[in-house]
Amino acid sequence: MSIFPSLWARVLAAIMVVGVVPGADARTPVDQLIVGMSMVNLLSLDPAAATGLDVAEVNANLYDMLLVQDVAEPDRLLPALAERWQVSDDRTTLTFTLRPGVRFQSGNPLTADDVAWSLQRVLKLNLALASTWKAYGFTAANAERYLRAQDANTFVLQLPRPSDPLLVLNTLATSPSAFVLDRKTVLEHQKNTDLGAAWLTTHAAGSGAFVLNDWRANDVLLMSRFDGYWGGPAKLKRVVMRNMTESQSLRLMIERGDLDIAKGMSAPDISALQHNDKVRTQTLQRGTLYYVALSMKQPVFADERVRKAIRALIDYQGINQTVMPHYGVINQRPLPLGLAARLPDPGYRLDVEQARRWLAEAGYPQGFKTTIRVLAEPPFINIAASLQATLAQAGIEASIITGTGNQVYGAMRERNFDIIVGRGGGGAERHPHSSLRTLVYNPDNRDEARLSNFQGWRTAFFSPELNRLIEQAEVEPDASKQLAAYQQIQVRLDQQVGAIVPISQMTDTVLVYADVTDFHGHSAATTRYKDVYKTR
Amino acid sequence: MVVMTASALGARASGTARRASTVLVTLLGLLMLTFFIGRVMPLDPVLAVVGPDADHSTYQQVYLAMGLDKPLWTQFGLYLNDLLHGNFGNALLTGHPVLDDIRRVFPATLELATLAILFGVLIGLPLGVCAASNQGRLGDHVARVITLFGYSTPIFWLGMIGLLVFYAWLGWAGGAGRIDLGYDGLVPDVTGLLLIDTSLAGDWEAFASALRHILLPALILGLNSVAYISRMTRSFMLEQLSQEYIITARVKGLSRRQVVWGHAFRNILVQLLTVVALAYGSLLEGAVLIETVFAWPGFGQYLTSSLMLGDMNAVMGCVLVIGLIFVALNLISDALYKVFDPRTR
C-alpha cells in the first residue's frame, strides 16, 4: 500500500502535464522588432549624460541630429534636420538651414531655438558628454554666444577657437550629445533648474521615428512608431529591446527565432552560428582600439628602451588570430582603419631576442616585476594572459589584477597603474584628430592638471612636439597638407614610442535573424530602425 | 481576573516592544554594515554616472552632488534621516526612487520564488517522508540521489541545460524573460505578478506564455529547495518514527499511511515551518544566477547590478527589504507555530 495520499499524486501529475504543453512555434511578431542585448550600461537616456554605444542606438531612434553619417560610406555626411549647411571663409562659423515643417513627437514645431538650446544645455549641465564640446572651446558661459539661432530656421555654430569645421560636422553627425530636444516639453518637466535632467533620464522628447513608451532599467525598453515622422513613418510598428546578459541564452533565442537581433554575444557563440542559415552576422567597426597602456609615472616605463621592449613583447598576430575574432581586427596605429590619413601598420611582431637586448641596454637584463590591470572579461583577460606569457619570456614577471571597468579605468584616471590592457580612442568622428586628441595629446603633464579625459595624460606620455603637431594639423585648411601632417605625427609617435600600444581595432558583431530586412548597423552606433522590415 | 488580564496585557506589550526593538537594532546594524562595506569597496559610483572619459570638472561636479565629499558618518546620518522621512533616495541605475524600483522588480522574484517553493514543498516533503519510511531501502536511495543532485548541481549549468533541452530542442518551455517579447508592455500592470495580471486581463494566450516562461526557472530554482526540504523532512521523520507512540499506533492496527501522515508527519509540522520559511526567504532574496540565465528582471539582478555600480542607495534599500522579509517570515512562522502546536499558545 502506498504511503502517498492520492492528492499528492494528482498535484504532481497536474504540474507535469502543464510543464510539457508545447509552446506555439517561436516566431517574433511580423510588425515588431525584438532586440536582445545587455542593458547594464544603459544608465540614462538624457543626451547630455548618456554614455556608451547602446544608448546612442536607442536615442538615434527617438531623436534626430542636424546631419548623419552615411551608413555605407561613413566619410559622407548627409542632411537630416539640417537641409543644408555652409562654412564661412575663415572656417570659424557654420550655418545650418533647417528642414521646414519638422515637428516633435509632442506636436511642437522644431526650430533653430531648439537646436541651440539642446547644445547649450549639454554645456550648462556639464555632465558626461560636455567634454566633447569643451574640447572645441565652448563653455557654459559662452554657449549662448557661440551656439545660437539666427532665425527660426537658421542655426549658427561659431567656433570659440580655430578648429577643423569637418571635425565639428562629424561631431554633430555622431556624438550622442548632438540630438535635438523638444525644449518646450523638456522645460515643462524641469525640476528647480535641472533643465529637465531628472525627467530625461528615463523619458525622451525628440522628433525621431519612434516614440519611447516605456523603459524599465535592466529589463525592457519599448518604442512605438511615430506616424508624423518627417521622413515618413517607420515600417515596423514597435521595437522591443530586452535586457539579456547571458550570451548562450541570446544564442538559443535567436536560433529559435524568438529574437530578431542579438547583440553582445560572446565570440564562441557567434562562431557557432556562423553556418546557421537562419541567422546572419553583421560586423561593425568601431572607432576605439584595444591597447596596452604603460604608465610613464613608473620610472621603468619612462625609459624609452623599456617601452620599445614591451612593444616587441606583444604577440600581435597570435592575439589577433586566436583571441580577437569577433572582437577586433589588427591595428597597430592610433588612427582607425579606413581613414585616409592612416599609415599602414608598422608591422610589429613578437621579437623576444630584440626585447631582451633593449631591456639589457636599459639596465634590466633580468627583467623586473610589474602588474597588469585588466577587465575580468574576454577579450581583455585573454590579451592580458597572452601578454603575461610573452613578458615572462624576457624575464618580466607581471601579475594580473582583474577588476570591473570602473576599477580598471578608475585606476587609470588616477594614474595609479603599471600596465593596463584596455580599450579606448576617439569618438565616431571620421577624423584623425578625434583619436590623436584622446590617445596622444597631453597639453599639461602635471598631476594637478587632472586632465583625466586625455589618455595621454593618464599614461603621463608628454611630447611637446607631438602636441604642437596635433594642434597645427587640426587647423590646417589645406586638405593635402593636413593629410601629410597627420602622417608625420604617426611617424614621430612611432619613433618616440608612445605609452599606448594599439593592438586591435574594435569590432562589434550583431546577429540578425534571416527574415529581418534592411537592418544596417552603423559604425557610429547610431543604427536607425526606420526602414527595417521582415520578409515572410 | 482583571488583574491577571492587565498583567497578561502588560507582558504581551513588553514582549512586543522587546521584539520591535530587536528588529530595529537588527535592521540598523544591517544598514550600518552594508553602508560602510559599500564605501570601502573599490568601486566609484561617480565613474558609473559620468563614464570613464569625463573630464575632471564634470567628475567633481557629480562627486559633490552625490555628497561623497562629506565624512562617512555624516553621509550615513543623512541617509538615515532621509530614510526616516520615507526617502530611500534615487537609484543610479534607473534614475527612479529606490522604493519604486523595488516595487517594480520584487513581484518578478516573488512570483518565481513562490512557484519554486511550492515545487520544493510539493516534491520535497513527500520525498523526505518516503525516504524516512523506507530507510535503507530503494526509496531512500532514490531520494538521496535526487537530493544530492539538487544540492550539488550548479544552478547556472542546470539553467543552461534546461533551456537547451526544454526550450531549444523540445520547445516545451518559453525562453528567457517573463513572457514572449511580443506581449511585453501589452498586459496591464496591476499586481506585477504576470500570471495574475494576464488572468485579470482575460488574456489567456499571454497567460500561457507567462506560464511557459516561469515553469522551467521555477522548477530549477525549486530543485535546491527540494533537496533541502526533503533532507530535513527525512531527518525529522526518522526521529519521530523511532518513538514509542508510533509502535503503539501500529500495534493498535493503524495502517502505515495513517501512522506516517496522521501521527509522525503532524508532529514535525512546526519544525518544517521553520525550514520552509528559511528556504522561501533565501529564494525571495533573488536568485541572481537563474535570473541572469533566464533574463528574469527580478530583485537579485537589480541588487547585483546596483552593487556592481556602487549604487549604495539601491543596495541599502534592497538590504533593508531582505531584512524585512526575514523578520516578516519569522513573525509568520511564530504565528503559525501557535496554529500547529497547542503547547505554544
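**Where the chains meet**

I began with the contact between the two chains, in what is a predicted model. Chain A brings 59 residues to it and chain B brings 60 residues; two residues are in contact if their C-beta atoms, placed from the backbone, lie within 7 Å. On the side of chain A that touches chain B, elements that each supply at least two residues include helix H1 (6-19), strand S1 (32-37), helix H4 (130-134) and helix H16 (405-413). Helices (H or I, at least four residues) and strands (E, at least two) are DSSP runs, numbered from the N terminus. I sorted the residues of that side of chain A by class and found 26 nonpolar, 23 polar and 10 charged. Here Ala, Val, Leu, Ile, Met, Phe, Trp, Tyr, Cys and Pro count as nonpolar, Asp, Glu, Lys and Arg as charged, and the others, Gly among them, as polar.

A note on bookkeeping: residues are numbered from 1 along each chain as its sequence is written, and chains are lettered from A and ligands numbered from 1 in the order in which they are written. In this predicted model local features need pLDDT of at least 70 and side-chain atom pairs count only at pLDDT 80 or more, while totals for chains, interfaces and linings use all residues.

**One residue at the contact**

I picked A:Leu252, which lies in helix H9 (residues 247-255) of chain A. Is A:Leu252 buried or exposed? A:Leu252 is buried, because 22 other C-beta atoms lie within 10 Å. The cut-offs are 20 or more other C-beta atoms within 10 Å for buried, 12 or fewer for exposed, and in between for partly exposed, with C-beta atoms placed from the backbone. Leaving out residues up to four places away in sequence, I saw A:Leu252 touch B:Leu163, B:Leu164, B:Tyr167, B:Ala168 and B:Gly175. I also checked A:Arg423: its C-alpha is 29 Å from that of A:Leu252, and the two are 171 residues apart in sequence.

**Into the core**

The largest nonpolar core has 256 residues, and A:Met65, A:Leu67 and A:Ile261 have the most contacts inside it. Such a core is a set of buried Ala, Val, Leu, Ile, Met, Phe, Trp, Tyr and Cys residues joined through C-beta atoms within 7 Å. Beyond neighbours within four places in sequence, the contacts of A:Met65 include A:Ala80, A:Leu172 and A:Phe179.

Next I looked at helix H13 (residues 316-323) and helix H15 (residues 380-393) of chain A, which pack at about 145° with their axes 11 Å apart. Axes are lines fitted to C-alpha atoms, for helices over the stretch in contact, and angles run from 0 to 180 degrees between N-to-C directions. A:Gly318, A:Ile319 and A:Val323 in H13(A) meet A:Asn382, A:Ile383 and A:Ser386 in H15(A). By class, this contact has 3 nonpolar, 3 polar and no charged residues.

In the loop between strand S14 (369-375) and H15 of chain A I found A:Pro379. A cis peptide bond joins A:Pro378 and A:Pro379, with omega about 0°.

**Over to chain B**

Chain B has 15 helices and 0 strands. Of its 345 residues, 42% count as buried.

Where is B:Ala295? B:Ala295 sits in the loop between helix H13 (288-293) and helix H14 (299-309) of chain B. Phi of B:Ala295 is near 45°, a positive value in a residue other than glycine. B:Ala295 counts as buried because it has 27 C-beta neighbours inside 10 Å.

B:Val315 lies in helix H15 (residues 312-340) of chain B and is also buried, with 23 C-beta neighbours inside 10 Å. Apart from residues up to four places away in sequence, B:Val315 touches B:Thr34, B:Gly38, B:Leu303, B:Ser306 and B:Leu307.

Last, I looked up pLDDT, the predictor's confidence in each residue, from 0 to 100. Chain A averages 92, and 95% of the residues score at least 70. Over residues 1-5 of chain A the pLDDT is below 50, and residues 11-24 of chain A are below 50 too. Where pLDDT is low, the predicted coordinates should not be read in detail.
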